[in-house]
Amino acid sequence: MAVNYVPSTLDEALLLRKDRKAIPLAGGTDIMVQGKRGLGLAPQLDRPVMIISHLKDELGGIRKDEDGSVVIGAIATAAEIASSDIVPWHVRMAASGMGAIALRNSATIGGNIGNASPKGDLPQPLILLDAEVVLISFDGERRMLLDDFIKGSKTTDLHDDEIIASIVIPPHEFTYSYYRKIGMRKANAISKLSLSAAATIKDGLVVDFRASSGAAGPKVIRSREAESMIIRRPVEDIEGIVPDFLEAWDHAISPHAMPRYRRNTTSRMLTRFLEAIVNGEPEGIVR
Amino acid sequence: MHRQIEFRVNGNKVVYSGDPLTRLVDVLRDDLRLTGVKEGCGEGECGACSIIKDGRLVTSCIIPVGACLGSDILTIEGIRDTEKGRCIVEAFRDGGAVQCGFCIPGMVMAAYVLLSSNPAPTDEEIRVAISGNICRCTGYDLIVESIRLAAERGGALWQ
């Protein structure tokens, strides 16, 4: 039976990670369910678990750096993220739609990323925003794009001796923003499909355009190829590009269950967002 | 390394020295005999095991006791004899909110957190506040009305 730990310091946690390959637990909302054995029994996993929820000084908090980047500590909860006024809108929207209140008070951003479920709520907007993940170990620190870190369904590039320390979101300014999560119910629902999109228009030119699809493949999907069909094109050309763009995006996603529903609904959400650009709707949130 | 987990439950100091991955709901029910805390789904979905940890509503079935280091935990037993707790319990009774009763301790905890931060919630805000608490008797309307009654009756109590 695996022995579980509560390290007193981050150094102790990094040592446990290195020596015992202990699984870090901050909120527990995924791990406690994965190891569930029923009434009166402590969950059990195939490796030791180390509880790090109290290491707030080292792994918590949300701050804005001088360059405008927002740094979210790995054990910041969905509730903290949803109520922060420095966290970008797309990420706040996703955090506020995770589970219900009690879950948001426990679930952390590091856990949501580390679990790497294609239906996870936070990776989708973070990948839209080119967020980077900061990984620490006894040997130092490395940083990589979250899109590269999450390799597929439930698989990441996390090394056995590493801990997710924080997530860094570079600054951005969008003319139009879109976020939609579709679930079975308004609250307490796992994402059936989600989409974020953003665009920046300058002097009649689309200078930035991006989208990310959640629950539409083994990982969050961003198609730079499809995005590049719209970037640096004049707004008046967009209407004519829409059919080819939608086809390219449809090609990029790979939903395995209910594919027709997911493809059709993704197309409709993208169409709505592009329509706002084409029509020159007032700046801000596209609904 | 913390070999013992020290925290407070309803104002009393608790020292736990078993497996830190033990579910908080089991410590509360089996070790501390606080059986007002109910377990429904065991997956954090139904809200029956809701308790208040450091002022925030959480589901105790998916919280390991090791994550409660230094925490202040409140269960239904810790609030039911307080003025605020009585206000909610009496409103639930008078408003006919209770059918089988299994979800009620969790509902009361959710209502307590809501009214403590929002003394005069709208019906929509009440529904959002209990959106993680499932009532299989489906008596939601009477529960929402009873929380509104607790807000009205409590008045300054919740300010």
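Predicted model: local features only at pLDDT ≥ 70, side-chain atom pairs only at ≥ 80, totals over all residues.
**Entry 1: chain A overall.** Next I looked up the radius of gyration of chain A, which is 20 Å. The globule rule gives 19 Å for 287 residues, so chain A is as compact as a globular protein of that length. I then took the box along the principal axes, and the C-alpha atoms of chain A fill roughly 65 × 45 × 30 Å.

**Entry 2: burial and contacts.** I checked burial and found that 48% of the 287 residues of chain A count as buried. I also looked at contacts in chain A between residues at least 6 apart in sequence; 61% of these join residues at least 24 apart.

**Entry 3: the side facing chain B.** I found 29 residues of chain A in contact with 31 residues of chain B. On chain A, α2 (31–34), β2 (49–51) and α6 (101–104) each supply at least two residues of that side. The largest share, three residues, comes from α6(A). I sorted this side of chain A by class and noted 16 nonpolar, 11 polar and two charged residues.

**Entry 4: strands around β4(A).** I followed β4 (residues 70–73) of chain A and saw that it pairs with β3 (residues 62–64) in the antiparallel sense over three bridges. Five residues lie between the two strands of this hairpin, and Gly68(A) takes a positive phi near 95° there. β4(A) also pairs with β9 (residues 163–169) of chain A, antiparallel over four bridges. I noted that Ile72(A) in β4(A) stands opposite Ile62(A), and that Ile72(A) also stands opposite Ile167(A) in β9(A).

Methods. Residues numbered from 1 in each chain as written. Chains lettered and ligands numbered in written order. Rg over C-alpha atoms; globule rule 2.2 N^0.38 Å. Buried ≥ 20, exposed ≤ 12 C-beta atoms within 10 Å, placed from the backbone. Contact = placed C-beta atoms within 7 Å. Nonpolar A, V, L, I, M, F, W, Y, C, P; charged D, E, K, R; others polar. Pairing = 2+ DSSP bridges.
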